[in-house]
Amino acid sequence: MKTKFLIIIMLTSMLVWNLSVSASVDSIDDVMHICEEINYSEYRDYCYVDVAAQIARVDSERALNICKTLKDTWDRDDCYRGVAPIIARVDWNNASTICKGIKDTEDRDSCYKEIASVIGESDPVNALDVCKRIEDFWGQNDCYRIIVKYHPDKDLDIREDVCKEIKDSDDRDDCYEDVAPIIARSNPDDALDICNEIKHLWDQDSCYVSIARVIAESDPAKALDICEIHEWEREYCCCKVAPIIANYNTTKALDICENVSGWYEDQCYKNIAPVIAKLDRKRALDICENINDSWYDSWDRDVCYITVASVVVESNLDKALDVCKEIKYYRRGECYENITKVIAKSDPEKALYICKEIEDSEEKEDCCKDVAMIIAGRYPDKALDICEGMDGLLNFLDRDSCYREIAPGIAEHYPRKAIEICNREGSLLSIFAIGRDSCYREIAPEIAKSDANEALGVCANIEDYWDKNDCYEEVMKTFARSDPDKALDICKEIKDSNTRDLCHRHVAPVVAELVVNKTIEQRQKREIPGEMNNLIIAAIIITVIITFIIIIRRRDRITKVQ
């Protein structure tokens with residue numbers, strides 16, 4: 001009896017397994033129905049265009065049929081443009097044919113360019129062929145450069161060949177400049193040959209510098225030799241290479257800076273100081289101090305101190321403040337402000353104290369405002385107090401700007417408080433609709449993360465028609481990702497037909513993306529590699545045969561015993 005039960009279970013499991021493999025998950029009809037709910041034809045067509053681009057990922061034929069049904073030529077071309085790059089991933093030739101059917105020359109060229117960018121990495125030869133179909137001279141050049149950018153490093157000759165196809169000399173030089181540092185990773189000498197193809201000396205020098213920077217870590221001697229190729233760019237090149245070398249050889253980096261002169265020497269010290277500060281703060285400060293003391297050079301020295309302080313503050317706040325105090329001119333406030341941005345989340349009181357040490361009133365207000373914005377999500381009341389305390393020359397402008405900047409940070413967890421900020425009496429936000437509308441637009445998507453109805457209510461208060469529509473779009477896109485069913489229910493509840501159409505138009509593409517992602521995921525789970533599939537079937541068959549043999553033998557034994 002037990003054996004028969006085992007056989008039934010096995011046969012049933014085989015049936016279920018086969019059904020699960022062959023079953024299809026398809027909710028695209030539901031997505032299409034969302035677009036069909038839209039009354040205004042223009043919004044409905046926009047909806048179809050956006051949805052088709054998503055559907056193409058799982059059903060290219062259906063996506064193309066959607067495009068064909070669109071009556072407006074511009075919408076139909078937009079639809080083809082959205083679908084073609086998706087199809088290009090599996091069939092570039094078919095995708096190219098789709099682009100060919102686009103009426104507008106500019107849109108058709110753009111379609112070809114997007115296909116080239118999709119297949120450029122895996123199939124550069126055919127991508128090059130696609131680029132040649134572009135009619136616009138400059139658009140074709142851009143397409144060639146896209147291939148150079150996306151093509152893998154292994155076929156380096158193709159990269160150079162692509163650059164040669166570019167007819168405009170400036171664009172061709174730019175292409176060579178893009179290619180050279182990529183080739184330099186594996187073959188610096190070949191990269192230098194490519195730089196030599198560049199006609200304009202300035203661009204050629206820039207090409208040499210980019211190669212030197214790429215190889216500076218693996219071969220610093222070779223990098224410095226490259227810097228010597230053109231004497232007039234030697235010092236600039238050394239300034240770019242030195243901070244890379246400073247990461248593992250401080251002494252060598254300092255030697256490089258000592259061998260350049262004048263303004264470049266100061267630039268070089270300024271560049272290596274923050275790198276060295278990670279290991280040796282005192283030495284980094286000494287480097288900054290070595291920068292000359294004229295007014296112009298003091299600017300570079302101050303920047304040096306600022307960058308060193310930004311590194312030191314990660315490990316020692318007091319030392320970082322001491323670094324800022326070394327600054328003798330007005331940029332000390334900037335140094336303090338950079339420090340407060342690092343510590344504001346963990347110690348807002350200390351950050352505010354540092355802001356108040358800044359002498360320049362405008363810099364002080366900016367510093368306090370930055371702290372308020374950083375802590376708004378965690379300490380909303382404290383952020384509001386900071387804004388209220390603005391006492392600059394035009395304090396009402398400072399307060400208004402501060403309110404605007406903290407409101408989005410407060411909105412997600414404290415929506416009512418954020419709305420109150422936008423409506424705050426006595427601020428420009430409450431006096432002028434344009435400021436209030438902008439504030440509403442910024443807080444609504446944040447509120448939508450937790451309460452879509454509340455967010456839509458915020459959008460409804462916006463007076464400007466276009467701002468209101470933009471607000472609805474951002475809110476529904478945000479909310480639809482977390483709860484698409486609820487988002488659709490909200491759309492249906494909207495009484496105004498135009499707003500309801502907009503809601504459906506914005507939600508449909510998001511829902512389509514989620515449905516398609518789910519479909520792809522389920523297909524991947526069902527797909528078992530051919531060899532593994534055969535092994536499983538073979539194992540099941542063998543198990544069934546063995547089970548039957550056991551049953552027969554048991555039956556024979558029972559018969560003999562009887």
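1. Glu-289 is found in helix H18, which covers residues 281–289, and in this predicted model its relative accessibility of 42% makes Glu-289 partly exposed.

2. Cys-131 sits in helix H8 (residues 124–132) and Cys-143 in helix H9 (residues 137–150), so that the pair, twelve residues apart, links distant parts of the chain. The link of Cys-131 and Cys-143 is left-handed, with -75° about the S-S bond. Cys-131 has a relative accessible area of 0% and is therefore buried, and Cys-143 is likewise buried, with a relative accessible area of 0%.

3. Cys-355 and Cys-367 are also joined by a disulfide, again with 2.0 Å from S to S. In this pair Cys-355 belongs to helix H22 (residues 348–355) and Cys-367 to helix H23 (residues 361–375), and the two cysteines, twelve residues apart, link distant parts of the chain. Because the torsion about the S-S bond of Cys-355 and Cys-367 is about -70°, this disulfide is left-handed. Both Cys-355 and Cys-367 are buried.

4. What does the disulfide between Cys-491 and Cys-503 tie together? The sulfur atoms of Cys-491 and Cys-503 are 2.0 Å apart, and the torsion of about -70° about their S-S bond makes the disulfide left-handed. Since Cys-491 lies in helix H31 (residues 484–493) and Cys-503 in helix H32 (residues 497–526), the pair ties together parts that are twelve residues apart in sequence. Both Cys-491 and Cys-503 are buried.

5. Cys-238, by contrast, is in no disulfide, and the nearest cysteine sulfur, that of Cys-227, is 4.5 Å away, whereas a disulfide requires sulfur atoms within 2.5 Å. Cys-238 counts as buried, because its relative accessibility is 4%. Cys-368 is in no disulfide either, its nearest cysteine sulfur being that of Cys-355 at 4.5 Å, and with 10% relative accessibility Cys-368 also counts as buried.

6. Turning to charged side chains, a search of the whole structure finds 26 salt bridges. One of these is formed by Glu-135 and Arg-108, whose closest N and O atoms are 2.9 Å apart. Glu-135 lies in the loop between H8 and H9 and Arg-108 in helix H7 (residues 105–119), so this pair links distant parts of the chain, 27 residues apart.

7. Lys-382 is in helix H24 (residues 380–388) and Glu-349 in helix H22, and the pair, 33 residues apart, links distant parts of the chain. Lys-382 counts as partly exposed at 27% relative accessibility, and Glu-349 is partly exposed with a relative accessible area of 48%.

8. Lys-477 and Glu-473 form a salt bridge with their closest N and O atoms 2.8 Å apart, and both residues lie in helix H30 (residues 465–482), four residues apart, which is about one turn of the helix. Finally, Arg-81, Asp-107 and Glu-114 are linked in a network of salt bridges.

Key:
Residues numbered from 1 in each chain as written. Predicted model: local features only at pLDDT ≥ 70, side-chain atom pairs only at ≥ 80, totals over all residues. Heavy atoms only, no water. Buried < 20%, exposed > 50% of the residue type's maximum accessible area, 1.4 Å probe, protein only. Salt bridge = Lys/Arg side-chain N within 4 Å of Asp/Glu carboxyl O.
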